[in-house]
Each structure stands twice: as C-alpha cells, then as structure tokens.
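Let's take a walk through this fold, strand by strand and ring by ring. Have the model open and follow along.

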Amino acid sequence: DFTGVKRTLSGHEFRMTHDEWLRDRIKMYSSPEDISITVRDLDLFETSDVVAKVSFIQEYRSPSYSDQGKKILWYRKDSDGMMKIIYEELLYSKRI
C-alpha cells in the first residue's frame, strides 16, 4: 500500500492513494514548462533491512511557481529486492 500526503501553502492537507498521487504527478510534470527540482540536507535512516526513511529539503522551480519544503519518503523492499516508495509526505511548503 502507498500513502501520499500533500500540504498546500494555504494549509490544506490531501491524503492520496497511489493512483491519486500518480494522477497528481502526471498533471504537475506534464506541462511544457521547464521544471527544476533540487534536493539538499538529505538524511537516510535504515530502520531495517527492508524499510528505509529518507528526509530532505526539496526546492521546486518552474516559470510559473516556485517553492521549497521538507519531504519524507518511506521505502520498502519488495519481493524482487527493489526499493519502492510506500509513503511520501511534504511536511511544509513555502514560496521562494
């Protein structure tokens, strides 16, 4: 199972299934605008041999919108040995 949590600048919180999250990402990244995503302050926490947590500051820039915020990702190793995102949360976001 997958859960995505997205918070807006106005303080709204949206919890999404994988399909909802995927539709949101397709909408966000399918525009013809140039998009730049930068990651800094990356921390990796291995909680077991099959689960890991990653946190970082993400900076998103496009010609029409720019923000930065702290993001958390949880990964789980599947039966094929591939790490897959099972949880994504944007803890906060501020315009830059």
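Helices (H or I, at least four residues) and strands (E, at least two) are DSSP runs, numbered from the N terminus, and two strands pair if DSSP finds at least two bridges between them. This is a predicted model, where local features need pLDDT of at least 70, side-chain atom pairs count only at pLDDT 80 or more, and totals for chains, interfaces and linings use all residues. Residues are numbered from 1 along each chain as its sequence is written, and side-chain values use heavy atoms, with hydrogens and water left out.

Start at β1 (residues 3-7). On one side, four bridges join β1 to β2 (residues 13-16), running antiparallel, with Gly4 opposite Met16. Five residues sit between the strands of this hairpin, and Gly11 there takes a positive phi near 95°. Strand β1 also pairs with β6 (residues 83-90), this time parallel and through three bridges; here Val5 stands opposite Glu89.

Now for the rings. The structure holds three aromatic pairs (ring centres of Phe, Tyr or the six-membered ring of Trp within 6.5 Å; planes under 30 degrees apart are stacked, over 60 edge-to-face, the rest tilted). Phe2 and Trp21 make a tilted one, 5.1 Å centre to centre with 55° between the planes. Phe2 lies in the segment before β1 and Trp21 in helix α1 (residues 18-29), so the pair ties together parts 19 residues apart in sequence.
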